[in-house]
Each structure stands twice: as structure tokens, then as C-alpha cells.
Amino acid sequence: MKPSTVAGPIGLLLLAGACAPHPGADVPFLVTPPEVVDQMLKLAQVGPADVVYDLGSGDGRLVIAAARDFRARGVGIEIDPKLVALSREYARRAGVASRVTFLEQDLFQADLSAATVVTIYLTREVNLRLKPKLERELNSGTRIVSFNFDMGDWKPASMLQVDISGRATPVYLWVVKPR
């Protein structure tokens, strides 16, 4: 089953409850369109040797796609326990539960040092607050991909536009430089 599909009334209730901001959440859960998920992972050149961390992983679709379609391992960091439970169920249904982990954590508190790729769909304000942590914790060469929001004066290594319902929406890629 695809993570974008919710089965039955219980799943709909879980998803509806998940859309409201969770206490402590910096941004509400917004669904990343499937075509964007694919383009984000392709832009980062995700492969079997990668560990993809998705910060604010929502329903887990990006982490699941990284494992299912690119053979990577993945870690979803999500503050909302309902979304963590939903992600785990979707990963089980997709047959990738052994390759992914979903943690109920604040993304500002999570240890990101094992990541080779970090994906984010946050706001520009949250990206700017997160930038020092990314620079401090991530190893040289780690790729960071953001949908729709940049990181201020940090110039991306690459950028592409994805058509979402007739609107060109940016996807940014940064590569962590050696310290």
C-alpha cells in the first residue's frame, strides 16, 4: 500500500487528527506531493549506501520512498506520536519496516550525525533556525534537500523547479562543506 493511501475510517481519523499542529510543533503537517518526494531523492542522488533523515517526517512517505525506491535506509524524526504510529504502519505495509526507523522527537533535539542525506519540508524561518545545527552535526558531503523553502544566504549547490498544479515550486540542494 502506498503511504499516501489511508484505509478505512480509523485511518481517516488518524490522518485528520494528525493535520492539526501537535503541541511543540514548529510547522503543521503538510503532505509532500509524490512527484516532489521522487524529485527530492533524485536531486540528492540517494542510493543504497545512504541513510536518509527526514526532519518533520509526517506520515513517513519520504523515508519509505527512500527505502522502497532507492534501497537506502531511513530515519523519520516527527514530534507527533500519531504520525509516528501512522508512519510505522505505512512502512510495514510497504515492506520496508526493517530498513526504516521513525522516532518521536523534536528535530532540534535529534542526533543527526549518522545522516548522509537530510530532507526537509519546513518553513524558511525553521530552516534558518535549523541551519546551525545542520552545519554543526552533519559530516562533510552530507546532502540537504528542502522543498519550497531556502536557507537565506546559504547558496544551494543545485535547485530545480517541480510543477505542482501548474505552479513551479523550488527544490533546493545543499552539500555540507568540510569544516
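Guide: A nonpolar core is a set of buried Ala, Val, Leu, Ile, Met, Phe, Trp, Tyr and Cys residues joined through side-chain atoms within 4.5 Å, where buried means under 20% relative accessible area. Please keep in mind throughout that this is a predicted model.

Visitor: How many residues does the largest nonpolar core have, and which have the most contacts inside it?

Guide: The largest nonpolar core has 23 residues, and L55, V118, L134 and I144 are those with the most contacts inside it. At least two residues of this core come from each of β1 (51-55), β2 (73-78), β4 (117-120), α5 (124-137) and β7 (167-175). A second, separate core has 21 residues, among them V37, A66, F70 and V145.

Visitor: What is L55 in contact with, leaving aside its neighbours within four places in sequence?

Guide: Contact is a matter of heavy atoms within 4.5 Å, and with those neighbours set aside L55 is in contact with I77, L107, L112, V118, T119, I120, L122, L130 and L134.

Visitor: What pattern does the chain follow when it is read along the sequence?

Guide: The chain has five helices and seven strands, and along the sequence they follow the pattern α-α-β-α-β-α-β-β-α-β-β-β. Of its 179 residues, 47% count as buried, and among contacts between residues at least 6 apart in sequence, 66% join residues at least 24 apart. The chain exposes about 8600 Å², of which carbon and sulfur atoms supply 55%.

Visitor: Why is helix α3 described as largely enclosed by the rest of the structure?

Guide: To judge a helix in this way, one looks at which of its residues are buried. Helix α3 (residues 61-70) is largely enclosed by the rest of the structure because eight of its 10 residues are buried, namely R61, L62, V63, I64, A65, A66, A67 and F70. These buried residues pack against α2 (34-43), β1, β2, α4, β3 (100-104) and β4. After α3 comes R71, whose phi is positive, near 65 degrees.

Visitor: Where do the buried residues of α2 fall when that helix is seen down its axis?

Guide: The buried residues of α2 are V36, V37, M40, L41 and L43. Seen down the axis of α2, they fall within an arc of 160 degrees, and therefore they line one face of the helix. As for their partners, the buried residues of α2 pack against β1, α3, β4, β5 (143-147), β6 (158-164) and β7. Q45, which follows α2, has a positive phi, near 55 degrees.

Visitor: Why does A85 count as partly exposed?

Guide: The partly exposed class lies between the cut-offs, with buried under 20% and exposed over 50%. A85 has a relative accessibility of 44% and therefore counts as partly exposed. This residue lies in helix α4 (residues 81-94), and A85 and E104, 19 residues apart in sequence, are 9.2 Å apart in space, C-alpha to C-alpha.

Visitor: Which residues does S113 touch, not counting those up to four places away in sequence?

Guide: S113 lies in the loop between β3 and β4 and, with a relative accessible area of 34%, is partly exposed. With that exclusion, S113 touches E137 and N139. The C-alpha atoms of S113 and E137 are separated by 5.3 Å, although these residues are 24 apart along the chain. The side chain of S113 also makes a polar contact with the side chain of D111, at 2.7 Å.

Methods: Residues numbered from 1 in each chain as written. Predicted model: local features only at pLDDT ≥ 70, side-chain atom pairs only at ≥ 80, totals over all residues. Heavy atoms only, no water. Buried < 20%, exposed > 50% of the residue type's maximum accessible area, 1.4 Å probe, protein only. Helix = DSSP H or I, 4+ residues; strand = E, 2+ residues; numbered from the N terminus. Areas by Shrake-Rupley, 256 points an atom, 1.4 Å probe, with all protein chains shown as cover. Arc of directions from axis to C-beta. Polar contact = N/O pair within 3.5 Å; in protein donor to acceptor, adjacent residues only side chain to side chain.
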